[in-house]
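Here is a short briefing on the structure shown below. Have the sequence and the model at hand as you read.

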Amino acid sequence: MKKLSKLLFVIILTVITLIVLKGNTRFRELFYKYVYDTNISFAQINNWYQSKFGSPIPFDEYINDTESVFEETLKYSEASIYKDGVKLTVDYNYLVPALDSGIVIFVGEKEGYGNTVIIEQENGVDVWYSGLSEINLSLYDYIKEGSLIGEANETLYLVFIKDGEVVDYKEYI
Amino acid sequence: MIIKNIFKIHPLFYIVGFICFITGYFKIFVIFSSIILFHELGHIIAGLICRWRIDKIILLPFGGITIFKESLNKPLKEELFIALLGPLFQVVYFFIIDDVVFRNLNLIILLFNLLPIVPLDGSKLVNVFLNIFLPFKKSHILTIYISMISIIFIFFTIIFKFNILFLLILIFIFIEIIKEYYKHEYYFNKFLLERYLYNFNFKKIKKIKNIKDIYKNKKHIIYFDKKYCTERELLVKMFDK
């Protein structure tokens, strides 16, 4: 009986949402924006939480393996617009450092970009590192600024996305 | 249905789960839960081998607690075996899976679990050890005192590095210690009553002057009313009314 009423409640909720979506365009836009296009910003919440209450896992600092952190920032010789982002010309077998701390939310292949890692940074910006020949991370790893993402051969694509919209790369590199 | 009655998840576990979810610590949380389950599996298997009846298994964010519905007069060897098999399973798990994050987390949980604080496995080991040299009543109260002193030391680590979840866990443990302290007399009476109700056979015999000095693994001759009597006679006097 309890389970049946729960099921009916879910059905009623879904039907009401669908009816409102059909009728109200403003609601539809907001719904699509917040439900489909934006992610929960884990990195931002984590940053806030850690500053207030300490790590979610006590003794966190002893758990994560300390990967090599570079001193230098991203080095490239040329930058040109490519699709939504920017195409950078880098050295052969270039070791790509992370621009900022964040959480890895995607590892895989993106059409037109090749091997891609998406990092959700603590400032709320999602950064795509694409065209990688080798990836040194796995999904949902927390990484620090300057940690190794992977290797790139001559070309590296970067895309910056904030709140579901592509933003200009010049502010960030 | 049996599993549902035995297996319980503490609210603290849900809180930690939720916080790990919103901060994106999915991986660590899954690894963490698997380690705890594997640890409990060790206790459960040990319990089944010794034919102890399991009362319930509680899942907590720093480890699990397996509670047995068993007499307090069980042999020390069995108690030691059950307390040890959980950490031992964790060590086995440590060597099976080759991953840095996994191993570090495993090690931290193992070390925490071996602290001599009451609901943790370390306290059970301490209690078994004390029972070899000291009477039941004394070793039980001493285990509680050791727990209290240890937890006060652990509380100091919070001052250096504040962590709200760790604080919650410590408060939970502290409450458990206080509960155990108030159950002290009850446990002693239960211990005596079991000795009266069932016949246990122990090889060693010891002369004592007070009923409070009864050892867990010995038979006794007690000096009472200016003469020596067996433990059995005294217990009959106490409980047969």
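How many bridges join E4(A) to strand E7 (residues 142-143) of chain A? The two strands run antiparallel and are joined by 2 bridges. Strands pair if DSSP finds at least two bridges between them. Helices (H or I, at least four residues) and strands (E, at least two) are DSSP runs, numbered from the N terminus.

This is a predicted model: local features need pLDDT of at least 70, side-chain atom pairs count only at pLDDT 80 or more, and totals for chains, interfaces and linings use all residues. Residues are numbered from 1 along each chain as its sequence is written, chains are lettered from A and ligands numbered from 1 in the order in which they are written, and side-chain values use heavy atoms, with hydrogens and water left out.

**Where chain A meets chain B**

- Contact (heavy atoms within 4.5 Å) links 26 residues of chain A with 21 residues of chain B.
- About 2200 Å² is buried between chain A and chain B, and carbon and sulfur atoms give 69% of this area. Buried area is the accessible area (1.4 Å probe) that two parts lose on being put together, summed over both.
- On the chain A side, the most area is lost to chain B by Pro56(A), Ile57(A) and Ile63(A), together 25% of what that side buries.
- The rule finds 1 salt bridge across the interface of chain A and chain B. A salt bridge is a side-chain nitrogen of Lys or Arg within 4 Å of a carboxyl oxygen of Asp or Glu.
- Asp141(A) and Lys27(B) form a salt bridge, with their closest N and O atoms 2.7 Å apart.
- Polar contact joins 7 residue pairs across the interface of chain A and chain B (both residues at pLDDT 80 or more). Such a contact is a pair of N or O atoms within 3.5 Å; within protein, one must be able to donate a hydrogen and the other to accept it, and residues adjacent in sequence count only if both atoms are side-chain atoms.
- Helix H3 (residues 42-53) of chain A gives the largest share of the chain A side that touches chain B, 7 residues.
- By class, that side of chain A has 15 nonpolar, 6 polar and 5 charged residues. Ala, Val, Leu, Ile, Met, Phe, Trp, Tyr, Cys and Pro count as nonpolar, Asp, Glu, Lys and Arg as charged, and the others, Gly among them, as polar.

**Helices H1 and H2 of chain A**

- The axes of helix H1 (residues 2-23) and helix H2 (residues 25-37) of chain A come within 6 Å and cross at roughly 115 degrees. Axes are lines fitted to C-alpha atoms, for helices over the stretch in contact, and angles run from 0 to 180 degrees between N-to-C directions.
- H1(A) brings residues including Val20(A) and Leu21(A), which meet residues of H2(A), among them Phe27(A) and Phe31(A).
- The contact of H1(A) with H2(A) has 4 nonpolar, 3 polar and 2 charged residues.

**Hairpins in chain A**

- Strand E1 (residues 78-82) and strand E2 (residues 85-89) of chain A run antiparallel, joined by 5 bridges.
- Ser80(A) has Lys87(A) in E2(A) as its bridge partner.
- The hairpin of E1(A) and E2(A) has 2 residues between the strands, and Lys83(A) in the turn has a positive phi of about 50 degrees.
- Strand E4 (residues 102-110) and strand E5 (residues 114-121) of chain A pair in the antiparallel sense over 8 bridges.
- With 3 residues between its strands, the hairpin of E4(A) and E5(A) has Gly112(A) at a positive phi near 85 degrees.
- Gly102(A) has Ile143(A) in E7(A) as its bridge partner.

**Sheets in chain B**

- One open sheet has 3 strands in the order E1-E2-E3 (chain B), with mixed pairing.
- Strand E1 (7-9) and strand E3 (63-68) of chain B stand at the edges with a single partner strand each, so one side of each is left without a neighbour in the sheet.
- Strand E2 (residues 54-60) of chain B pairs with E3(B) in the antiparallel sense over 6 bridges. Ile58(B) stands opposite Ile65(B) in E3(B).
- An open sheet of 3 strands has the order E4-E5-E6 (chain B), also described by mixed pairing.

**Salt bridges over all chains**

- The whole structure holds 10 salt bridges over all chains.
- Lys137(B) and Glu185(B) meet in a salt bridge through their side chains (2.8 Å, N to O).
- Lys137(B) lies in helix H7 (residues 136-160) of chain B and Glu185(B) in helix H9 (residues 184-197) of chain B, so the pair ties together parts that are 48 residues apart in sequence.
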